[in-house]
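Good morning, and thank you for making time on the agenda.

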Amino acid sequence: MKIIKHFFTITKHRHKVRKYCFKAGLYFQGLTHDLSKYSPQEFFLGVKYFTGKRSPIGYERRENGYSKAWLHHKGRNKHHPEYWIDLSIEEKEYRPIPMPLKYVGEAFCDHLAASKVYNKKEFKPQMVLDYYYNKEQYFLPMHEETKKAFETLLNLYISKGEKETFKFIKNNYRKKV
């Protein structure tokens, strides 16, 4: 039964992200968003740790100290800031590099969809902003330009709503890599 519930949860999430990406003019990202979740490396670990209340990745991390599914996922999906880390020749350290804006737009669509899928009927728009400011901003390895662009979308969503945010993405965040 968990296999079916996990499949429907990730599919529902993908469909929401696709819908939002299409509204934002990010058609290719909408069609290809999170396809790696259906790969054996991610899907079966997702089933194993599925609860329906939040991403299985956190549960896998708690048990193993890391998540194989996440390591696979972040390396294949450009809407995750963790994808955009490279070695700085000057500092000889891995550093975040700026994400292309179209992926920042997709990241926003992903963030909004995840909030709605996991919070279901309890969802309130403020949850999207609160989750980022109370948790993610402290550990997401984002370049300052990326952080500013993402926070712009979060704050626009709270102040103007979905329609205006998607319009803003369509007009400003669809630049080529």
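This is a predicted model: local features need pLDDT of at least 70, side-chain atom pairs count only at pLDDT 80 or more; totals for chains, interfaces and linings use all residues.

Residues are numbered from 1 along each chain as its sequence is written, and side-chain values use heavy atoms, with hydrogens and water left out.

Let me start with helix H6, residues 101-119. Helices here are DSSP runs of H or I with at least four residues, numbered from the N terminus. H6 has 19 residues and reaches 27 Å from its first C-alpha to its last, close to the 27 Å expected at 1.5 Å a residue; that expected span is 1.5 Å times one less than the number of residues. How many of the 19 residues of H6 are buried? The number is 15, so H6 is largely enclosed by the rest of the structure. Buried means under 20% relative accessible area, exposed means over 50%, and partly exposed lies in between, with a 1.4 Å probe and protein chains only.

Directly after H6 comes Lys120, whose phi is positive, near 45°. Lys120 lies in the loop that leads from H6 to helix H7 (126-139). As background, most residues other than glycine have a negative phi.

Helix H8, residues 144-160, has 17 residues and spans 24 Å from its first C-alpha to its last, close to the 24 Å expected at 1.5 Å a residue. Its buried residues include Ala149, Phe150, Leu153, Leu154 and Tyr157. What do the buried residues of H8 pack against? They pack against H6, H7 and H9, where contact means heavy atoms within 4.5 Å. Just after H8, Gly161 takes a positive phi of about 95°.

I turn now to helix H3, residues 40-48. Within H3, Glu42, Phe43, Gly46 and Val47 are buried. Seen down the axis of H3, these buried residues fall within an arc of 130°, so they line one face of the helix; the arc is that of the directions from the helix axis to the C-beta atoms. In general, an α-helix has 3.6 residues a turn, so residues three or four places apart point the same way. The cover over the buried residues of H3 includes H1, helix H4 (56-64) and helix H5 (68-74). On the other side of H3, Pro40 and Phe44 are exposed.

Together with Met1, Ile3, Ile4, Phe7 and Phe8, Phe44 makes a nonpolar surface patch of about 650 Å². Such a patch joins nonpolar side chains (Val, Leu, Ile, Met, Phe, Trp, Tyr) within 5 Å, from residues with over 30% relative accessible area and no salt bridge. The areas come from the Shrake-Rupley method with a 1.4 Å probe. Helix H1, residues 2-23, gives the largest share of the patch, four residues. Ile4 is placed in H1 and counts as partly exposed at 44% relative accessibility.

Next, the salt bridges, of which the structure holds five. A salt bridge is a side-chain nitrogen of Lys or Arg within 4 Å of a carboxyl oxygen of Asp or Glu.

One of them joins Asp34 and Lys37, with the closest N and O atoms 3.2 Å apart. Asp34 is found in the loop between helix H2 (27-32) and H3, and has a positive phi of about 55° although it is not a glycine. Is Asp34 buried or exposed? Asp34 is buried, at 1% relative accessibility, whereas Lys37 is partly exposed at 21%.

Another salt bridge is formed by the side chains of Lys116 and Glu162, at 2.4 Å from N to O. This pair links distant parts of the chain, Lys116 in H6 and Glu162 in helix H9 (residues 162-172), 46 residues apart. Lys116 is buried, with a relative accessible area of 18%, and Glu162 is partly exposed, with 22%. Elsewhere, salt bridges that share partners join Glu91, Glu93 and Arg95 into one network. Arg95 is partly exposed at 35% relative accessibility, as is Glu93 at 39%.

Thank you; I am glad to take questions.

Technical notes
Helices (H or I, at least four residues) and strands (E, at least two) are DSSP runs, numbered from the N terminus. Patches are made of residues with over 30% relative accessible area and no salt bridge: like charges are joined within 9 Å, nonpolar side chains (Val, Leu, Ile, Met, Phe, Trp, Tyr) within 5 Å.
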